[in-house]
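Here is a short tour of one protein model. Keep the sequence and the 3D view side by side as you read.

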Amino acid sequence: MGSGRTAEISLAIFQRHSRIFSMNDMSVSRKVLVADDEKDTCLYLKRYLERKKMKVAVVFDGQEAKKLIEEDNFDYVLLDCSMPNITGLELVEKARQRNPGARIVLISGFPAVDSRIVQKIGGDLFIHKPIQLEEIDAIFNPSAV
């Protein structure tokens, strides 16, 4: 970064349940759903997580995310807060019902959304965009934060 600039990483983790997996546990491949209308964000996360031996499903709108949540079980669900058709905020309850042990992560570039809102609606973690790899690692290994 240039002179006089600072970077801020905002990461809030809520311990809702004890099911936490480490990226170092390669004995079982974890299933991850990434739902974001920004295709570059999805592909960035998909490539990174697949290198960590995760099985990653990617969708680009809330309706597609809802369909996958209803059809499959995921260990991790990463949802953009403001997708077309159905927002990530609206999908949290459905994801929690269908995948009660999953870690649900909400992602947003908007300052109006914060960790208090995410926690109140049942999410486990909130990440501000732009996403940093350290934040992604923290999803799978909170003790590293």
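Predicted model: local features only at pLDDT ≥ 70, side-chain atom pairs only at ≥ 80, totals over all residues.

## Order of helices and strands

Residues are numbered from 1 along each chain as its sequence is written, and side-chain values use heavy atoms, with hydrogens and water left out.

The term pLDDT is the predictor's confidence in each residue, from 0 to 100. The mean pLDDT of the protein chain is 82, and 78% of its residues reach 70 or more. Residues 1–27 are another matter: pLDDT stays under 50 there. For that stretch the model has 69 contacts beyond four places in sequence. A contact means heavy atoms within 4.5 Å.

The protein chain has 145 residues, and 43% of them count as buried. Buried means under 20% relative accessible area, exposed over 50%, and partly exposed in between (1.4 Å probe, protein chains only). The protein chain exposes about 7,800 Å², and carbon and sulfur atoms supply 49% of it. Those areas come from the Shrake-Rupley method with a 1.4 Å probe; for residues, only the protein chains shown count as cover.

Now look at contacts between residues at least 6 apart in sequence. Of these, 67% join residues at least 24 apart.

## Strands side by side

Two strands pair if DSSP finds at least two bridges between them. β2 and β3 (residues 55–59) pair in the parallel sense over five bridges. In this pairing region, V34 stands opposite V58 of β3. Four of the five residues of β2 are buried.

β4 and β5 also pair in the parallel sense, over five bridges. L79 has L106 of β5 as its bridge partner. In a regular strand the side chains alternate between the two faces of the sheet. Both faces of β5 are covered. On one side R103, V105 and I107 are buried; on the other, I104, L106 and S108 are buried.

## Two cores

A nonpolar core is a set of buried Ala, Val, Leu, Ile, Met, Phe, Trp, Tyr and Cys residues joined through side-chain atoms within 4.5 Å. The largest one has 20 residues, and V77, L79 and L106 have the most contacts inside it. At least two residues each come from β2 (31–35), α2 (62–71), β4 (76–80), α3 (88–98) and β5 (103–108). The largest share, three residues, comes from α3.

Which residues does L79 touch, leaving aside its neighbours within four places in sequence? Its contacts include A35, A65, G88, L91, V92 and L106. A second, separate core has 18 residues, among them L49, M54, V56 and I107.

D124 sits in the loop between α4 (115–121) and β6 (125–128). D124 counts as buried because its relative accessible area is 1%. D124 and V77 are 47 residues apart in sequence and 9.9 Å apart in space, C-alpha to C-alpha.

C42 is buried, at 0% relative accessibility, and C81 is buried, at 4%. A search of the whole structure finds zero disulfides. A disulfide here is a pair of cysteine sulfur atoms within 2.5 Å.
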